[in-house]
Amino acid sequence: MNRPRTALLASSIIIVLLVFAPRAFAATPVTCASPASAQPAPTEYFVSLADPAKHLAHVSIRLRDGDGVRTLEMPVWNALYQVRNFAADIEDVRAQDAAGNVVTVFNRKTSEWEISAPPGCVVVSYDIHLDSAGPFGSTLNAEHAFFNWAMALMYSPALRSQTVSLRLLDVPATWELRDLHILGAATPGKVEQNIGIAHNYDELVDSPAEVGIFQQSAFQQDGATYHIVVHGNPADYDMAKLDGVLKKITHAAVDWMQDRPYEEYTFLYHFPAGYGGGGMEHAYGTAIDVSADHLRDGLMPVASVTAHEFFHLWNVKRIRPQSLEPVDYEGEQDTRALWFSEGVTSTVGDMLLARSGLIDEREYLQRVSEEITELQRRPARRWQSAEESSLDAWFEGITFYRSPERSISYYNKGEILGILLDLRIRQLTNGAKSLRDLFQWMNQHYARQHRFFADSAGVEEAAEAVTGQSFSDFFRDYVAGVKEIPYDDYFQFVGLHARVNTTQYATAGFTTKGNLGGQPEVVRIDPNSDAQRLGILVGDHVTKVNGKAADASLDEEMSRLQPGTAIRLELENRRGKREVELRLTAREEQSYELDDVAGVTPQQRSHRSAWIHGDDEAGGVH
Ligand SMILES: [Zn+2]
């Protein structure tokens, strides 16, 4: 590592530039006369990385043909189901025509610009501040760049379905490139030679890129090539072990689906020191952040999020609900399908960990028990359905919305519904059919025919096609409705029942909520607790626990400690960071644990093993 030396060198360069240049950067100018890309596209994007220290990317969009007013839009959301108004990061929008004359740019709406120019070529340029880390963000800094293109590039609504090209300019000489699908890979000094061509804007923005200094590996399996890209400290993980985990997950999934709709797939990881978490699915790869702090005890945190994101290449990227198509970049996109597209992806993700031998039956049942406990502890399960939770995904950025009285999680209830669907299909067919058949059916009838399914009704259709029996009560009561789930009716088939334990457990006096691997945020304070006396507030982020980065499992980790244990927390809010010390106290709460029914039969045990490993059972009744 030579970061200190690089930093010293960079600061001396900046001093020189400040003295001799009017601006601190020198981005390659793009005009109508600039060399064309290999295949001139109606929309050509040029992104200059000349100014990483200020997190500013210089974007030029060349529209080859056009007449009169040309409109460009900036998406207001991408990756997360949250409106984030990326236009707020844009400055200095300007344009010139083929002759190099400045033409009028009018900011008509917050995320819309109109360019009035003579017929022919126009180049629209702007600078954009990219400084949000993680798979749902875009970053440009002195160390590396990571781009989710919908957060950086405007699009022309009139040209959205037509070919686009993308070229990076002014890339630091030591940086290399790897993206998921469009730009491919390039070594240091060659990055600017790569011109990515996408069929359309939607395809381009589904192909985030990493540019910087990173470690790489690759393996061949089941006829495909898998690339692994890691931006992190090589001391924090073992590439050979990561390679081994990914081989298991990818093979288990391809075998389970009996399908491999890609030739190449790329795993793009960031393992940042301190806070970091989350994963984002794409059609030909995934971008995943896991805090290096969580790698110390092994790769299970990486395996869990990877299995979920990898299965998304089918469920949501190809087996896709109609409500998410076409993507509306201009506003919230209402969908009732996330319980299936996210939640049931988690069902399959955990099953794949068991199928590939990364977790055993006991660990799998422990995970299921925790999901049931989480749902049953949220009073909102009695008034918010799985579909309504999907619809309200857009509120997840609002702290009050995340409180247990206001909302359930479509990840959580959806994962449970996936398990119940699987068990019901198995029960109705005596083990001959399962969730596996449901997904293969949806893959055949929707994904491979480039059709989108009708949200919950499409899943119901698939369950009925696989079993030949009605699922209308299931979807009415548990998907659209809020009826309490009779767990034992479902788990009986595999010789289990959900035992309710009333336990005392340790709590820090508050409840937190974090999205899939994210940083925990305080959503509820217990009255008369130490947390209240110490002034911990709803909305505070817990950044560290006893010096270690905190994550979404904070409450669960606390609950495993003894009441009376002293802990040190680092908290962060608008007013800054502070440390507090408090003692855990006892709280009484119900938890659920899947346990053998009395007199469990060998047949129930074999049903159970097939269910946990995602197998169909031979000799069942069709
Ligand atoms: Zn997901």
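This is a predicted model: local features need pLDDT of at least 70, side-chain atom pairs count only at pLDDT 80 or more; totals for chains, interfaces and linings use all residues.
Threonine 139 belongs to strand E8 (residues 139-140). Helices (H or I, at least four residues) and strands (E, at least two) are DSSP runs, numbered from the N terminus. With a relative accessible area of 6%, threonine 139 is buried, where buried means under 20% relative accessible area, exposed over 50% and partly exposed in between (1.4 Å probe, protein chains only). When neighbours within four places in sequence are left aside, threonine 139 is in contact with Leu130, Ser132, Ala133, His144, Ala145 and Phe146, contact being heavy atoms within 4.5 Å.

The metal site comes next. The zinc ion is coordinated by His308 (NE2), His312 (NE2) and Glu342 (OE), at 1.9 to 2.1 Å. Donors are N, O and S atoms within 2.8 Å of the metal (3.2 Å for Na, K and Ca); water is not among the atoms, so sites may look incomplete. Along the sequence, the donor residues follow the spacing H-x3-H-x29-E. Histidine 312, in the loop between helix H4 (300-311) and helix H5 (338-355), and glutamate 342, in helix H5, link distant parts of the chain. These two residues are 30 apart in sequence, and their C-alpha atoms are 8.1 Å apart in space. Histidine 312 is buried at 0% relative accessible area, and glutamate 342 counts as buried at 3%. A polar atom of the histidine 312 side chain also lies 2.9 Å from the backbone oxygen of asparagine 315. Leaving aside neighbours within four places in sequence, the contacts of histidine 312 are Glu281, Lys317, Ser341, Glu342 and Thr345.

Helix H5 also takes part in helix packing. Two packed helices are described by the angle between their axes and the distance between the axes. Axes are lines fitted to C-alpha atoms, for helices over the stretch in contact, and angles run from 0 to 180 degrees between N-to-C directions. H5 and H15 pack at an angle of about 110°, and their axes are 7 Å apart. H5 is therefore roughly perpendicular to H15; angles under 35 degrees count as roughly parallel, over 145 as roughly antiparallel, 65 to 115 as roughly perpendicular and the rest as oblique. Met351, Ala354 and Arg355 of H5 make this contact with Trp611, Ile612 and His613 of H15. The residues of the H5 contact with H15 comprise four nonpolar, one polar and one charged. In these classes, Ala, Val, Leu, Ile, Met, Phe, Trp, Tyr, Cys and Pro count as nonpolar, Asp, Glu, Lys and Arg as charged, and the others, Gly among them, as polar.

Helix H15 (residues 602-613) also packs with helix H6 (residues 361-376), at an angle of about 75° and with axes 11 Å apart. H6 and H15 are therefore roughly perpendicular to each other. On the H6 side, Glu361, Tyr364 and Leu365 meet Arg608, Ser609, Trp611, Ile612 and His613 of H15. By class, four nonpolar, two polar and two charged residues make up the contact of H6 with H15.

In helix H11 (residues 472-479), the buried residues are Phe474, Phe475, Asp477, Tyr478 and Val479. Their cover includes H5, helix H7 (386-391), H8, helix H10 (455-467) and helix H12 (487-491). Arginine 424 sits in helix H8 (residues 410-428) and counts as buried at 14% relative accessibility. Its contacts, beyond neighbours within four places in sequence, are Ser470, Phe471, Asp473, Phe474 and Tyr490.

A few backbone details complete the picture. The peptide bond from glutamate 325 to proline 326 is cis, with omega near -15°, and proline 326 is placed in the loop between H4 and H5. Aspartate 455, in helix H10, has a positive phi of about 50° although it is not a glycine.

Definitions and conventions. Residues are numbered from 1 along each chain as its sequence is written. Side-chain values use heavy atoms; hydrogens and water are left out. A polar contact is a pair of N or O atoms within 3.5 Å; within protein, one must be able to donate a hydrogen and the other to accept it, and residues adjacent in sequence count only if both atoms are side-chain atoms.
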